[in-house]
Amino acid sequence: MPAKQKRMSNRTFTMIKPDAFANGHSGAILDIIIKAGFRLVALKMTSLSEAKAGEFYAVHRARPFYGELVEFMSRGPIIAAILEKDNAVADFRKLIGATDPAKADPGTIRKLFAASLGENAIHGSDSDENALIEGDFFFSGLEKV
Ligand code: CMP
C-alpha cells in the first residue's frame, strides 16, 4: 500500500460540540485525546450555521431528531480536528464511548462530559470513508500538517 494511502486510513475526524465547549471542557477533552496517543493533524475553533450543520448531518435528515440536532450543533462554537493514530476510527470511538452517555463506559469522554443523547459533547467518525469526508468538510489541504 502506498505510504500516503496507509496514513489516510489511520485518521479520524472529531468535533467538540457546543455543549462541551460552552461548559469549558475543550481543554480537558483535547488533553485526553492527545494523552491517548492521537496526533493533531488539523485543529480549529469555528461555529456552524444551521445550513452547514444540516449539511454535515445530512445523512440523518429523515430522522426525528434531525431538527433538534441541527439547532444544537449551530448553537455556539465548536472545535473541529483531524486526528491520526493506528486504528484511529475504532480507537477514537472507544475513547469517546457510546452515543448515549448513559450507556458509555466509565472514563470515556461522553461519560465524563456529556449530559444526554442529543447533547453528547463530542463527535467521532464512524468509518475511514466518513473520516475523510468529514475532515474535508472543515479543512483544506493546506490546514493539514
Ligand atoms: P454523533 O455521533 O455526532 O452523530 C449523530 C448525532 O445525532 C449523535 O452524535 C447525537 O448527538 C445525535 N443523536 C443520535 N441519536 C439521537 C436521538 N435518538 N435523539 C437525539 N439526538 C440523537
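A polar contact is a pair of N or O atoms within 3.5 Å, where, within protein, one atom must be able to donate a hydrogen and the other to accept it, and residues adjacent in sequence count only if both atoms are side-chain atoms. The structure is a predicted model, in which local features need pLDDT of at least 70 and side-chain atom pairs count only at pLDDT 80 or more, whereas totals for chains, interfaces and linings use all residues. Residues are numbered from 1 along each chain as its sequence is written, and side-chain values use heavy atoms, with hydrogens and water left out.

A polar side-chain atom of Y57 lies 2.6 Å from an oxygen atom of the ligand. On the backbone side, a polar atom of L117 is 3.4 Å from a ligand oxygen atom, and a polar backbone atom of G118 is 3.3 Å from an oxygen atom of the ligand.

Strands pair if DSSP finds at least two bridges between them. Strand β1 (residues 11-16) runs antiparallel to β3 and is joined to it by six bridges, while β2 (residues 39-46) pairs with β3 in the antiparallel sense over seven bridges. Residue I79 of β3 is the bridge partner of I16 and also of M45.

How values were computed: Helices (H or I, at least four residues) and strands (E, at least two) are DSSP runs, numbered from the N terminus.
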